[in-house]
Amino acid sequence: MKSYKKDVLSIKISEINSESRFSLSSKDYAKFQIVTQNTKKLDDLLVVKPKFGREIGSDFYMKNSSYRFLKTVNISDGYLLNLGTVEYCKPGNTVFPKKNDILIVKDGAGKGLGEVALYPYENKDNRDSISSGLIAIRVDDNIQKYILAVLKSQHFKDFVDLNTAQGSTIRHSKKISLEYEVPFPSKNNNINPKKVETLISVIVENILDKEKQIRLKQSKINQLIKEELLNNQGSDTYTYSYPRITEIKKSKRLDTGIYEEEFNKLDFLISNYKNGFFKIPEDKFSSGSTPRVRVFNPKNKNYKWVTPTLISDEGFYNPSQTINMKGKNNISEDSILIINRTSRGKKGEYVGISCFYDFDKYGIGHHNQGLYRITEYSKEEKLFIVSLLNSELYRKICGCISIGSKMKEMKLADFAELKFLNFPENIRKKIIEEYYKECNLKDKEIVTMTNYAEIFKLRNSGLGIFQNYFELVHLRMQLEDIIDKIINDKEIDVESYL
């Protein structure tokens, strides 16, 4: 990951008095790096005044509502909104985003500060509103995708971070993001600067379409699971009752998750499924380990380093870290990697997230104790298990089973008791193809700037979720590289990125 923050080794007394309000923090004197002079202030690029969100108060929250309250948690690493943890409310807010607004996180902690996402909905009835931690901005449609790409870059995040006062937990950047000098391509980058701008815009269009396809295909998997499960129930009838003392003694648990009606209803539906279910025995799971000696991002990159933080909420591994270490790696073939504990999330919904580690694509790797590994199944069986674990149904089940307050966890015995639906072969095949499917359409076409978006949109619909996400990582790296060259006034060969 590139960084545009440069630490200084010494400062003058006068700088302490004038620049940082008598701050003694070394961070407040770090320099922000930018070479190009071809910039425009973000505030000057807005076509309407920015909208600053507001809070609604705890009394306005409600579960059964068609009004959504968008918060900082809904702006994540993706280009589109993350609605997995969206909250609902009564009508009453007065700050409403509109289609193609860019939402910026102005109040946040850690990597969340300065994160952005595109708001893609019309919102004609003002059913979506934004919290005080967000700013909604609008730029001209001709540069919208270009601006979105630059604001998603590490350069923008570093600017917001450097210019925001330190805080114990939540940091407040106020209006500082509007002061950002947006770098634009110059003739030092390319004889035709607009060509570079167009290149970035079409790559962003590809990214947005891939994120859309991933959601559509995940929705299709959820629908296939739901229909097969509900349409093939046995003759038993579901009734809910409070747990008996014998059940509590058997489970040896006093937390309420596995006794709640939601879990019991889902567990009944799986147990009552006509084609039955299967379990994965404890001896099929392997634990991870953290080597005593390890060197991150070495010149000689031996292993991929896999931790829960490098696996997205959707269940995909981003190979952004590599290590050198002594000893033997523990990933040497196609594997299922399952998050067994995490501090992310409030209700345990992230425990049980599973990713398929494709050995052909990632190569040898090593994972830590936060993950369980499964290898002793065929590739098709692994893909099916991963698809189930990342479905809406199994996310709910794992959320109920997981225990803990800050760090949710599922023990090995809990995973060994999970009931995996024994779907017929034709349904398994449909689910697997939505998750994992290659498409060689690009290889048969000559890609140009003119047909780039058309070819890739058609291709994205033919790819599986895994392949789309794998390419997303590459596209994001491409954008970071191009934007870095713009910032540093370096030459850009447009055709090499097509």
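Helices (H or I, at least four residues) and strands (E, at least two) are DSSP runs, numbered from the N terminus. The model shown in every view is predicted.

**View 1. Lysine 106 sits in the loop between E7 and strand E8 (107-108).** Lysine 106 counts as buried, at 13% relative accessibility. Buried here means under 20% relative accessible area. Leaving aside residues up to four places away in sequence, lysine 106 touches Phe52, Leu113, Ser132, Gly133, Leu134 and Ile135, among others. Its contacts also include Arg171, His172, Ser173 and Lys174.

**View 2. Arginine 138 and aspartate 101 form a salt bridge.** Their closest N and O atoms are 2.5 Å apart. Arginine 138 belongs to the loop between strand E11 (134-137) and helix H3 (144-151), and aspartate 101 to strand E7 (residues 101-105), so the pair ties together parts 37 residues apart in sequence. Side chains of opposite charge can pair when their charged atoms come close. In total, the structure holds 25 salt bridges.

**View 3. A salt bridge joins lysine 195 to glutamate 495.** The closest N and O atoms lie 3.1 Å apart. Distant parts of the chain are linked here: lysine 195 is in helix H5, glutamate 495 is in the segment after H15, and 300 residues separate them. Lysine 195 is partly exposed, with 32% relative accessibility. Glutamate 495 is also partly exposed, with 45%.

**View 4. Lysine 279 meets glutamate 417 in a salt bridge.** The N to O distance is 2.8 Å. Lysine 279 comes from the loop between E14 and strand E15 (285-287), and glutamate 417 from the loop between helix H11 (412-416) and strand E25 (420-421), so the contact ties together parts 138 residues apart in sequence. Lysine 279 is partly exposed, at 35% relative accessibility.

**View 5. Lys5, Asp161 and Arg171 form a salt-bridge network.** Arg171 is also one of the residues touched by lysine 106.

**View 6. Helix H12 (residues 425-435) has buried residues on one side.** Ile427, Arg428, Ile431, Ile432, Glu434 and Tyr435 are buried. These residues cover an arc of only 160° around the axis, which puts them on the same side of H12. Glu425 and Lys429 are exposed on the other side. Three helices are among the packing partners of the buried residues: H5 (193-230), H9 (379-389) and H15 (465-487). Strands E14 (277-278) and E21 (354-357) also pack against them.

**View 7. Strand E21 is covered on both faces.** Ser354 and Phe356 lie on one side, Cys355 and Tyr357 on the other. All four are buried. In a regular strand the side chains alternate between the two faces of the sheet. E21 pairs with strand E19 (residues 335-339) in the antiparallel sense, over four bridges. Phenylalanine 356 of E21 is the bridge partner of isoleucine 336.

**View 8. Cysteine 400 is one cysteine in a structure with zero disulfides.** A disulfide needs the two sulfur atoms within 2.5 Å. Cysteine 400 is buried, at 7% relative accessibility.

Methods:
Residues are numbered from 1 along each chain as its sequence is written. This is a predicted model: local features need pLDDT of at least 70, side-chain atom pairs count only at pLDDT 80 or more; totals for chains, interfaces and linings use all residues. Side-chain values use heavy atoms; hydrogens and water are left out. Buried means under 20% relative accessible area, exposed over 50%, partly exposed in between (1.4 Å probe, protein chains only). The arc is that of the directions from the helix axis to the C-beta atoms. Contact means heavy atoms within 4.5 Å. Two strands pair if DSSP finds at least two bridges between them. A salt bridge is a side-chain nitrogen of Lys or Arg within 4 Å of a carboxyl oxygen of Asp or Glu.
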